Amino acid sequence: MTQAQICISITIIVYLGMVLFVGYLCSRKNKNTDDFYLGGRKLGPFVTAMSAEASDMSSWLLMGLPGVAYLSGIADAGWTALGLAAGTYVNWLIVAKRLRRYTKVANNSITIPQFFKNRYHDKSGALLVISAAVIVIFFIPYTASGFAACGKLFSSLFGVDYLAAMIISAVVIVGYTALGGFLAASTTDFIQSIIMSAALIAVLVFGVNVAGGFGAVMDNAKELPGYLTMFAVHDPVSGNANPYGTITIVSTLAWGLGYFGMPHILLRFMAIEDENKLSVSRRVASIWVVISMAIAVLIGVIGYSMTKVGAVEALEGPASETIIVKIADLMSQHGVLAALVAGVILAGIMASTMSTADSQLLAASSAVSSDMLGGILEKKGNGKGSMIAARITLLLISVIAAIMAKDPDSSVFAIVSFAWAGFGAAFGPVMLFALFWKRSNRYGALAGMVSGGIMIFVWKYMVRPLGGVWDIYELLPAFIVASVMIVVVSLLTPAPEQSILDEFEQV
């Protein structure tokens, strides 16, 4: 191994050891499944904020967003970032406090499926089972993509076998999550958000310096038609600027709607110790999201300028998503200190992936052990037995995800937008109407959940391929259809019983 690889290895090993140690410390605080899946509702405002955003952004922040900006300029990446920033702020502003309060009133619900069931007093269990199934369907392959991303990173850096690298990464993620549950996932996500921030800043400073200064970066970018405007995209194949029209802008901004239905983010709202501190969490989360996404987009632009001066090789297609890895590799060749900083950058990429994978893994396992099998486990065992069952379920789901990720050519990012749309359409409208419309009932909630999920598939595979005005991100039309179905079906079916209305008024 070279000196640079040794320094990078030391940094990553220290990081992995740290998250496992955090998992061990948190394991001693888990007394029951409420603690394991929701941390006993004891999160502080800063951990709540930063763990929510770290679990949200994933490696998309450090790889996907800079890659898009590197290839086509700031428009596509910029409008996506604006939509996500707006969605983040509004979600914290209108959903967080009410959801924290309502889940406590609704029979102390510790998962999203439980909240839907308890909110509407659904004795049939249909809402619980269907929403748990939605989580499992979307989160297991999503978790697999996280395992694959870590495996590919290790494999490309050190030339080790992909399968071995993926399994080691999965074992670490599963290790601290199985040990410490939600509290470990949230605490490590908080740490990972700090590492991600350090990685972004290090790449920004180093990249600008190598590219010849900020002025040189802007001058190089201006040479490409459509690269620095929000209303056109640069076509790297033809070299021309293509219009970025109103329909495309609206479609891209619709990414923000997904936040209302993301279980791993909503759980953070439910877990804060003091609901009155959510305003602090909102400010911290919103500021971090805006700054980090702006830097990520800028890194893509800087990356192009670095290729222009010959510091980094030119990248095409999906390879553009490795621009931050290439910059870190270049940095590692500038001495021991620079190599250690490069290790932090690469640990940041791993952290961004792990922070999402652990939350998804926990949500998927809770959907099975707590929501689907909760009644059986309560009858057959005590709290300790339920904890063992929760950990066994998490391990089984991890094995399934690892099997799905065993192919080194499996797509890491392709499923992200589809899963985001699926949760946003199936859960988002139901969550908003459950929190803010007293007249909504379980029939409307079921209709909205099912129609939103189905419309995702219909629009993506049957309507969007038509192109033109139909080329809209599937989340937007599916979200609208689900909302309409909730209203129509709720009004056509019996009004909620008085006990449900009393709980709504109490909240």
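## Salt bridges

Arg464, Asp471 and Glu474 are joined to one another in a network of salt bridges. The model described here is a predicted one, and the structure holds 8 salt bridges.

One of these pairs is arginine 268 with aspartate 189, whose closest N and O atoms are 2.7 Å apart. This pair links distant parts of the chain, since arginine 268 sits in helix H10 and aspartate 189 in helix H7 (residues 162–211), 79 residues apart. Arginine 268 has a relative accessibility of 1% and therefore counts as buried. Aspartate 189 also counts as buried, because its relative accessibility is 0%.

## Two further pairs

Glutamate 223 and lysine 308 form another salt bridge, and here the closest N and O atoms are 2.5 Å apart. Glutamate 223 is in the loop between helix H8 (214–222) and strand E1 (232–234), while lysine 308 belongs to helix H11, so the pair ties together parts that are 85 residues apart in sequence. Lysine 308 is partly exposed, with a relative accessible area of 40%.

A salt bridge also forms between the side chains of glutamate 313 and lysine 326, at 3.5 Å from N to O. Glutamate 313 lies in the loop between H11 and helix H12 (323–331), and lysine 326 lies in helix H12; the two are 13 residues apart, and the pair links distant parts of the chain. With a relative accessible area of 31%, lysine 326 is partly exposed.

## Surface patches

On the surface, a patch of positive charge is formed by Arg28, Lys29, Lys31 and Lys42. One of its members, lysine 29, is found in the loop between helix H1 (3–27) and helix H2 (33–38). Lysine 29 counts as exposed because its relative accessibility is 53%, and the cut-off for exposed is over 50%.

Isoleucine 94 is located in helix H4. The relative accessible area of isoleucine 94 is 34%, so this residue is partly exposed.

## A buried glutamate in a loop

Glutamate 275 is in the loop between helix H10 (263–271) and helix H11 (278–308). Its relative accessible area is 18%, so glutamate 275 is buried; the cut-off for buried is under 20%. Leaving aside residues up to four places away in sequence, glutamate 275 touches Lys97, Arg100 and Arg101.

## Loop residues with positive phi

Asparagine 108 has a phi near 50°, which is a positive value in a residue other than glycine. The residue lies in the loop between helix H4 (74–105) and helix H5 (112–119). Asparagine 108 counts as partly exposed because its relative accessibility is 26%.

Histidine 121 is not a glycine either, and has a positive phi of about 50°. Its place is in the loop between H5 and helix H6 (126–158). With a relative accessible area of 23%, histidine 121 is partly exposed.

Note on methods:
Residues are numbered from 1 along each chain as its sequence is written. This is a predicted model: local features need pLDDT of at least 70, side-chain atom pairs count only at pLDDT 80 or more; totals for chains, interfaces and linings use all residues. Side-chain values use heavy atoms; hydrogens and water are left out. Patches are made of residues with over 30% relative accessible area and no salt bridge: like charges are joined within 9 Å, nonpolar side chains (Val, Leu, Ile, Met, Phe, Trp, Tyr) within 5 Å. Accessible areas come from the Shrake-Rupley method with a 1.4 Å probe; for residues, only the protein chains shown count as cover. A salt bridge is a side-chain nitrogen of Lys or Arg within 4 Å of a carboxyl oxygen of Asp or Glu. Lys and Arg count as positive and Asp and Glu as negative; His and the chain ends are not counted. The place of a charge is taken as NZ of Lys, CZ of Arg, CG of Asp or CD of Glu. Helices (H or I, at least four residues) and strands (E, at least two) are DSSP runs, numbered from the N terminus. Buried means under 20% relative accessible area, exposed over 50%, partly exposed in between (1.4 Å probe, protein chains only). Contact means heavy atoms within 4.5 Å.
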